[in-house]
Amino acid sequence: MKERLNDLYEQYKDMIPYLFFGVCTTLVNVVVYWFASHILVLDVIWSTVLAWIIAVSFAYVTNRKWVFHSNACGIAAIGKEMSSFFACRLATGILDVLCMYIFVECFMWNDVAVKLAANVLVIVLNYVAGKLFIFKK
């Protein structure tokens, strides 16, 4: 039984912390979005963009250190890794903005519910990008 658990852990050792920090990043994203849109009364798009910037910065630090255990060092290597990370996140950030625009601005759905649903999709796509392109061994 212990061997089977060790095998499962080895198989999913990157995914477990990714899911944990993915949830944390989603919380950062939704809380910042809610604060910007409901307290600061920014519109949906600007609130989404602000939430994206803060959440992606948080995600880079946590993914680099605790999820993919990056060994990149030096300005050039870290700069390349960071630019790849932000470029991939920009693509899913655009998807997030599109979801918010279509479902909140056009269809008038609940903004926080749409934000949460969009983030589920974004988490999956970001994991694939991180594993295959950004923090590859």
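Predicted model: local features only at pLDDT ≥ 70, side-chain atom pairs only at ≥ 80, totals over all residues.

Reader: How many disulfides does a search of the whole structure find?

Author: In general, a disulfide is a covalent bond between the sulfur atoms of two cysteines. Here the search of the whole structure finds zero disulfides. For cysteine 88, the closest cysteine sulfur belongs to cysteine 99 and lies 18 Å away, which is too far for a bond.

Reader: How should I read aromatic pairs, and how many does the structure hold?

Author: A pair of aromatic rings is described by the distance of the centres and the angle of the planes. The structure holds 11 aromatic pairs. One of them joins tyrosine 60 and phenylalanine 85, with 5.2 Å from centre to centre and 65° between the planes, an edge-to-face arrangement. Because tyrosine 60 lies in helix H3 (residues 44-67) and phenylalanine 85 in helix H4 (residues 75-106), this pair ties together parts that are 25 residues apart in sequence. Ring pairs also link Tyr18, Phe68 and Tyr127 into a cluster.

Reader: Are tyrosine 60 and phenylalanine 85 buried or exposed?

Author: Tyrosine 60 is buried, at 6% relative accessibility, and phenylalanine 85 is buried as well, with a relative accessible area of 1%.

Reader: Where is phenylalanine 135 placed, and which residues does it touch?

Author: Phenylalanine 135 sits in the segment after helix H5 (111-134) and is buried, its relative accessible area being 6%. Leaving aside residues up to four places away in sequence, phenylalanine 135 touches Tyr60, Asn63, Arg64, Phe68, Ser70, Glu81, Phe85 and Gly130, a list that includes both partners of the edge-to-face pair described above. By contrast, the C-alpha atoms of phenylalanine 135 and valine 122, which are 13 residues apart along the chain, are separated by 17 Å.

Reader: How do helix H2 and H5 cross, and what is the handedness of the crossing?

Author: The axes of helix H2 (residues 15-39) and H5 come within 10 Å and cross at roughly 145°, and the crossing is right-handed. The residues of this contact divide into nine nonpolar, seven polar and two charged. Among those that meet are Tyr18, Gly22, Val30 and Trp34 in H2, and Lys115, Leu116, Ile123 and Tyr127 in H5.

Terms used. Residues numbered from 1 in each chain as written. Heavy atoms only, no water. Phe/Tyr/Trp six-rings, centres within 6.5 Å; stacked < 30°, edge-to-face > 60°. Helix = DSSP H or I, 4+ residues; strand = E, 2+ residues; numbered from the N terminus. Buried < 20%, exposed > 50% of the residue type's maximum accessible area, 1.4 Å probe, protein only. Contact = heavy atoms within 4.5 Å. Axes fitted to C-alpha atoms, helices over the stretch in contact; angles between N-to-C directions. Left-handed = near helix turned anticlockwise from the far one by under 90°. Nonpolar A, V, L, I, M, F, W, Y, C, P; charged D, E, K, R; others polar. Disulfide = S-S within 2.5 Å.
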